[in-house]
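Colleague: I would like to go through this model with you. Shall we take it piece by piece?

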Amino acid sequence: MSITAKLIELLRANVRTVALTGAGVSAESGVPTFRGNDGLWSKFDPTELASMNAFMRNPKLVWEWYLYRRDVIGKAEPNMGHETLAKMEQHLSDFTLVTQNVDNLHRRAGSQNVIELHGNIQRNKCRQCGSPMDQVEIDPDNIPRCSCGGQIRPDVVWFGELLPEEALVTAIKMAEKSALFLSIGTSALVYPAADLPLIAKNNGAYLVEINPEPTGLTPYADEVFHGKSGEILPIIWQVAMEEASSGEASLKTNEA
Ligand code: BJW
Ligand code: ZN
């Protein structure tokens, strides 16, 4: 693995940085991704289950899927990728973490400011009036209802639904202003999140992708690391920090 001098220079210069994360960041914590061969949900089509149509058609099946995932996520621990992003927040004065993940692992790793674009799987809300319903026990055979009569659903963003406005507006603004944008562990297939790296790039940011597989974003990236985020992120950060303290590289860096 080699890291360009340009990337290290940007991190050392403490430039405005945005990291966008996707399901791949939690893969090393044992949380399956949505798409891909080893994705546990590959048995299901997320577009089939993560939608209001699916919930209307079969709320029991959709709730069983979410309760199962809550269980998996509840047992998972943050990995080195989450932890490195939390360290970046601590050390960089203008760092924004935007996640598509609903698993809360960034917060559990110590990240304080997390922009959640697709909600949070631990929360519930009313399907009809949107009231938060976090304390309600869910029985998929007898889905509880809000006082307005609406069924309780997970507080996540399904296909065809609007993203939380403030989260999206802030994410776009930060992407526009960023000088360094890291796209990590996302297939970059789902919009509007997938627009963020290109918004950043079109506004002059240096675009870095970390993903074991190529994505539609890869041709636009200035630097690509084909590997796992739990392995790549700590190395990048260690090199940047070592150089910051000693002024010398400990790993070989290439000129950009
Ligand atoms: C590793 C790794 C390791 C593995 N290390 N990496 C413009 C064009 C076309 C369509 C649209 C458009 N604008 C809107 C749409 C429609 C739609 C959409 O994007 N569809 C596409 C599928 C084409 N978008 C929406 O509906 C959104 N709403 C919206 O736009 O509202 C306005 C509107 C409404 C109606 C019409 C038009 C506009 C809402 C999107 C909500 C997405 N919701 C989900 C479910 C959340 C709840 C839940 O968790 O159940 O969000 S779907 C699912 O996909 C989830 C994810 O956050 C999201 C992204 O997936 P992600 O994170 O990228 O995961 P994967 O599995 O795809 O990829 C993992 C990657 O990790 C892979 O690349 C691996 O290689 C890699 N990896 N191990 C690093 N160790
Ligand atoms: Zn209600």
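Colleague: What pLDDT does the chain average?

Modeller: This is a predicted model; local features need pLDDT of at least 70, side-chain atom pairs count only at pLDDT 80 or more, and totals for chains, interfaces and linings use all residues. Residues are numbered from 1 along each chain as its sequence is written, chains are lettered from A and ligands numbered from 1 in the order in which they are written, and side-chain values use heavy atoms, with hydrogens and water left out. pLDDT is the predictor's confidence in each residue, from 0 to 100. Here 91% of the residues score at least 70, and the chain average is 92.

Colleague: Which residues are the protein donors of the zinc ion (ligand 2)?

Modeller: Donors are N, O and S atoms within 2.8 Å of the metal (3.2 Å for Na, K and Ca); water is not among the atoms, so sites may look incomplete. The donor atoms here are SG atoms, 2.2 to 2.4 Å from the zinc ion. In sequence, their residues follow the spacing C-x2-C-x16-C-x1-C. They are Cys126, Cys129, Cys146 and Cys148.

Colleague: What is the geometry of the zinc ion (ligand 2) site?

Modeller: Four donors count as tetrahedral if all angles lie between 85 and 135 degrees. The angles among the four donor atoms here are 98 to 120 degrees. The site is therefore tetrahedral.

Colleague: Is Cys129 buried, partly exposed or exposed?

Modeller: Buried means under 20% relative accessible area, exposed over 50%, partly exposed in between (1.4 Å probe, protein chains only). Cys148 has 36% and is partly exposed. Cys129 has 44%, so it counts as partly exposed.

Colleague: How do strands S5 and S6 run?

Modeller: Helices (H or I, at least four residues) and strands (E, at least two) are DSSP runs, numbered from the N terminus. Two strands pair if DSSP finds at least two bridges between them. Four bridges join S5 to S6, and Gly119 stands opposite Val156 in S6. The two strands run antiparallel.

Colleague: What distance separates the end C-alpha atoms of helix H5?

Modeller: The expected span of a helix is 1.5 Å times one less than its number of residues. H5 has 17 residues (59-75), so it should span 24 Å. Its buried residues include Trp63, Trp65 and Tyr66.

Colleague: Which peptide bond is cis, with omega near 5 degrees?

Modeller: Look in the loop between strand S7 (180-184) and helix H9 (195-202), where Pro192 lies. The cis bond runs from Tyr191 to Pro192.

Colleague: Is Ala188 buried or exposed?

Modeller: Ala188 is also in the loop between S7 and H9. Its phi is positive, near 55 degrees, in a residue other than glycine. At 16% relative accessibility, Ala188 counts as buried.

Colleague: What is the relative accessible area of His106?

Modeller: His106 is found in helix H7 (residues 105-108). It touches several residues beyond four places away in sequence, among them Thr21, His82 and Ser111. His106 is buried, at 2%.

How values were computed
Four donors count as tetrahedral if all angles lie between 85 and 135 degrees; four count as square planar and six as octahedral if opposite donors are over 155 degrees apart and all others between 65 and 115; anything else is irregular. Contact means heavy atoms within 4.5 Å.
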